Amino acid sequence: MLNENPMDANEKYQAGNNTSLCIQSADLEEIQQFYNSLIADERVRIIVPLASNIFSKAYGIIEDPFGIKIQLCFDERLK
């Protein structure tokens with residue numbers, strides 16, 4: 001899934017900050033392992049730490065070394 005809006009509405013538009021990638025999985029462990037693999041790189045910025053919230057047992061947002069924002073989401077409805 002792709003998003004065409006900035007992740008932060010207060011962030012000034014600049015080419016590239018209006019796109020994010022969302023990775024969803026019905027496997028909670030898979031999302032947790034993927035998140036941990038991504039944040040192992042010290043150049044990755046954690047925007048929202050992976051945690052449970054109202055719509056998911058695991059949701060987080062990171063920014064990779066190239067400035068791409070990636071949302072990670074566990075969604076049991078995908079089973």
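Visitor: Which pattern does the protein follow, read along the sequence?

Guide: This is a predicted model: local features need pLDDT of at least 70, side-chain atom pairs count only at pLDDT 80 or more, and totals for chains, interfaces and linings use all residues. Residues are numbered from 1 along each chain as its sequence is written, and side-chain values use heavy atoms, with hydrogens and water left out. The protein has one helix and five strands, which are DSSP runs (helices H or I, at least four residues; strands E, at least two) numbered from the N terminus. Read along the sequence, the pattern is β-β-α-β-β-β.

Visitor: What percentage of the residues of the protein count as buried?

Guide: Relative accessible area decides this: under 20% is buried, over 50% is exposed, and in between is partly exposed (1.4 Å probe, protein chains only). The protein has 79 residues, and the share that counts as buried is 29%.

Visitor: Among contacts between residues at least 6 apart in sequence, what percentage join residues at least 24 apart?

Guide: A contact here means heavy atoms within 4.5 Å. Of the contacts in the protein that join residues at least 6 apart, those joining residues at least 24 apart make up 36%.

Visitor: How far apart are the end C-alpha atoms of helix α1?

Guide: Helix α1 covers residues 28-39, which is twelve residues. The expected span is 1.5 Å times one less than the number of residues, so α1 should span 16 Å. The model agrees with this, as the end C-alpha atoms are separated by 17 Å.

Visitor: Which residues of α1 are buried, and what arc do they cover around the axis?

Guide: An α-helix has 3.6 residues a turn, so residues three or four places apart point the same way. In α1 the buried residues are I31, Y35 and L38. They lie on the same side of α1 because the arc they cover, taken from the directions from the helix axis to the C-beta atoms, is only 65°.

Visitor: Which exposed residues does the opposite face of α1 carry?

Guide: The buried residues of α1 have a cover that includes β2 (20-25), β3, β4 and β5. The face turned away from that buried side carries the exposed residues E29 and S37.

Visitor: How many residues of strand β4 are buried?

Guide: In a regular strand the side chains alternate between the two faces of the sheet. In β4, Y59, I61 and E63 point one way and G60 and I62 the other, and all are buried. Strand β4 (residues 59-63) is therefore largely enclosed by the rest of the structure, with a buried count of five of five.

Visitor: Which residue of β5 does I62 stand opposite?

Guide: Strands β4 and β5 (residues 69-74) run antiparallel and are joined by five bridges. Their hairpin has five residues between the strands, and there G67 takes a positive phi near 90°. Across the pair, I62 stands opposite I70.

Visitor: Which residue of β5 does C22 stand opposite?

Guide: Strands β2 and β5 pair in the parallel sense over six bridges. Both faces of β5 are covered, with K69, Q71 and C73 buried on one side and I70, L72 and F74 on the other. In this pairing C22 stands opposite Q71.

Visitor: How many disulfides are found in the whole structure?

Guide: A disulfide is a pair of cysteine sulfur atoms within 2.5 Å. The closest cysteine sulfur to that of C22 is in C73, at 5.7 Å, which is too far for a bond. C22 counts as buried because its relative accessible area is 11%, and C73 because its relative accessibility is 6%. The number of disulfides is zero.

Visitor: What is the distance, centre to centre, in the aromatic pair of F55 and Y59?

Guide: Rings of Phe, Tyr and Trp (its six-membered ring) pair if their centres lie within 6.5 Å; planes under 30 degrees apart count as stacked, over 60 as edge-to-face and the rest as tilted. The count by this rule is one aromatic pair. F55 is exposed because its relative accessibility is 54%, whereas Y59 is buried because its value is 13%. Their pair is edge-to-face, with 65° between the planes and a centre to centre distance of 5.1 Å.

Methods
Pairing = 2+ DSSP bridges.
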